[in-house]
Amino acid sequence: MQAAFDVSTLPALQSSPRSGRLSILVALASYGRSNDHHLERLIREYQSMAFDVDVVVLSNVAKTLGPGVECRIGLPSKDPWSLPFAHKPLFAERADRYDLFIYSEDDILITEAQLRAFLDVTKALNDDEVAGFVRMERNSDGAISYPDMHDEFHWDAGSLRSRSKYVLATLTNEHAACYVLTQHQLRKAIDSGGFLVEPYQWKHDLLCTAATDPYIRCGLTKLIPISHFEDFAVHHLSNKYAGKVGVDEAEMRSQVDTMLKLAVDNSAPKPLLSSGTNLWRRMFSKEYYEPVNQDVLSVLPPETCSVLSVGCGSGETECALAQKGLRVVAVPLDPVVAGTAASKGVEMVFGDLRVAAAKLQGQTFDCILVLNMLHLFADPVEALSLLRGAMSERSVMIIQTPNMRSVPELWRRLRYSDRYRGLGSFNQSGVHVTSPRKVRDWCRRSGLTLDRMIGIVHQRARFLRGRADFAELIFSPSFISIAKMARSGTNSSVNSSVMGRIPSSNLLFVAVEPLTLDKANDPIVSLL
């Protein structure tokens, strides 16, 4: 049996007057009854700990949960997803009564050993740093996966730091459906003015926002102790994403090991760029775990023998090309995510684009891939110009970008204008507005000429495929541009196979540059 926790090792915490043990307030958000069996397990776990623990369940329905468990009923707003925000006023009401404050959804298992690990690392952290957790799941075969690592979320190699015996880093996905704060950290969050707020969403949805506000709005930085990773991996008991979302145990272990190596390497390479945007729900971000891009493979010239891929994430497309016997060189998004692709024969060139271009000087490639990346570079013309140096007269560059002037996208911007705040300003949004016209202009200014453009039609608009190039483009949420080096003395432009055959009256996406929704008299109205 473990000995009682020695509170004297934590001078900032106060022992409970009831027993001299650490006092903890736990708030569990539990909507409906589908997770009641998980909720009961969590309550048993907390009540078995060698601490003084009070459990409050926040729900929309009455629950009978046994002695010593309080149930608060009610939603902060009409939206049922707002329930997690109910823990905030509870914590504020009792901020002076407990040493630790735990919020979690009703299927996140935090053990006593993990709380002791949290307390231990907290002694080594700075005032604005908070130890955080990562969710893990098990499928029916017992295989472990980590659902918080998906889409554009990744380890931030630039966040690495050492504190005492710990190596810590930030996962760009702050959400783990739970958090733990000391009394001092909670007070800091409340005093920041960003904690006690009405339900809202921006980077994350409502559920996730309530669990991440201490890090996003309150001046605290969430750090995962990667040197003690297993101590901070909490079990998501529902296992609802296992095998569907996230990375497996081998991939997570590989990335953590790479991060630990980078922590002691003073010459560690910089990431290519910041792949996440500042828009609502991170729209138009570059995903780290893209599947094989069949649309790109279908337009790759058959005579291609060598490929340079800029912005390689997990590398599914790059690995597919390498398996066909092509020489594939990649400039990865960062030095952490590229391990699997490198092990499958993809050559890696690390660093930002200028560093990578210098390392590649003198080499040319039959094909250069720039997939869902160009709109994220601060200077797209400079990026294309640097990449042009790796092309010969026979090379092609395949560029895939979002079509922010497509009819579906324009309709969403009319309907949900508040979600697009900052779009039109790269400094605010972290993204350039892209359209066929804009990509053509960037290519022309960098010494490239567009051979053709291909719309990637949404599944619900497949009936448009093959009917007319312009129809595919204006209804496609993304598109592929195929560029070649411009011959001296020629006017770089899209050839007659696409743009030359489209009447200007049909080009809805080129009517206004740039398009913004921050002004009262929105120019988008003139397009319709």
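The structure holds 1 cavity of 30 Å³ or more, where a cavity is a set of points, on a 1 Å grid over the protein atoms alone, at which a 1.4 Å probe fits but cannot get out. This is a predicted model, in which local features need pLDDT of at least 70 and side-chain atom pairs count only at pLDDT 80 or more, while totals for chains, interfaces and linings use all residues. Residues are numbered from 1 along each chain as its sequence is written, and side-chain values use heavy atoms, with hydrogens and water left out. The protein has 15 helices and 21 strands; these are DSSP runs numbered from the N terminus, helices being H or I of at least four residues and strands E of at least two. Of its 528 residues, 55% count as buried, a term that means under 20% relative accessible area, with exposed over 50% and partly exposed in between (1.4 Å probe, protein chains only).

**Contacts along the chain**

- Among contacts between residues at least 6 apart in sequence, 75% join residues at least 24 apart; contact means heavy atoms within 4.5 Å.

**The largest cavity**

- The volume of the largest cavity is about 130 Å³, a volume being the space filled by probe spheres set on grid points that are joined across faces, edges and corners.
- The lining of the largest cavity comprises 17 residues, and Lys286, Glu290, Gly313, Thr317 and Glu318 lie nearest its centre; lining residues have an atom within 4 Å of a point.
- At least two lining residues of the largest cavity come from each of β15 (306-312) and α8 (316-323).
- By class, this lining has 4 nonpolar, 8 polar and 5 charged residues, where Ala, Val, Leu, Ile, Met, Phe, Trp, Tyr, Cys and Pro count as nonpolar, Asp, Glu, Lys and Arg as charged, and the others, Gly among them, as polar.

**Helix α6**

- Helix α6 (residues 249-262) has 14 residues, which at 1.5 Å a residue should span 20 Å, and its end C-alpha atoms are 20 Å apart, in agreement; the expected span is 1.5 Å times one less than the number of residues.
- In α6, Glu251, Met252, Gln255, Val256, Met259 and Leu262 are the buried residues.
- Seen down the axis of α6, these buried residues fall within an arc of 130°, so they line one face of the helix; the arc is that of the directions from the helix axis to the C-beta atoms.
- Ala250 and Lys261, on the other side of α6, are exposed.
- The cover over the buried residues of α6 includes β8 (144-146), β9 (155-163), β10 (166-171), β14 (247-248) and α9 (339-343).

- Buried residues of helix α4 (residues 183-191) include Gln183, Gln185, Leu186 and Ala189.
- They cover an arc of only 160° around the axis, which puts them on the same side of α4.
- The buried residues of α4 pack against α2 (87-93), β4 (100-105), α3, β6 (129-131) and β11 (178-182).
- Phe118 belongs to helix α3 (residues 112-122) and is buried, with a relative accessible area of 0%.
- Beyond its neighbours within four places in sequence, Phe118 is in contact with Leu100, Val130, Ala131, Phe133, Val180, Leu181, Thr182, Gln185 and Phe232.
- Phe118 and Asp231 are separated by 113 residues in sequence, yet by 8.5 Å in space, C-alpha to C-alpha.

**Buried residues in a strand and a loop**

- Ile224, in strand β12 (residues 221-225), counts as buried at 1% relative accessibility.
- Leaving aside neighbours within four places in sequence, the contacts of Ile224 are Gly132, Phe133, Val134, Trp155, Val167, Leu168, Ala169 and Phe229.
- Ile224 and Leu171 are 53 residues apart along the chain, and their C-alpha atoms are separated by 7.3 Å.
- Ser476 is placed in the loop between α15 (469-474) and β21 (478-485), where it counts as buried at 0% relative accessibility.
- Not counting residues up to four places away in sequence, Ser476 touches Asn403, Ser406, Gly455, Ile456 and Val457.

- Asn239 has a positive phi of about 50° although it is not a glycine; Asn239 lies in the loop between β13 (233-236) and β14 and is partly exposed, at 22% relative accessibility.
- Phe284, likewise not a glycine, has a positive phi of about 65°; Phe284 lies in the loop between α6 and α7 (294-299) and is buried, with a relative accessible area of 16%.

Notes
On a 1 Å grid over the protein atoms alone, a cavity is a set of points where a 1.4 Å probe fits but cannot get out, and a pocket is an open set with protein on both sides within 12 Å along at least five of seven lines; lining residues have an atom within 4 Å of a point.
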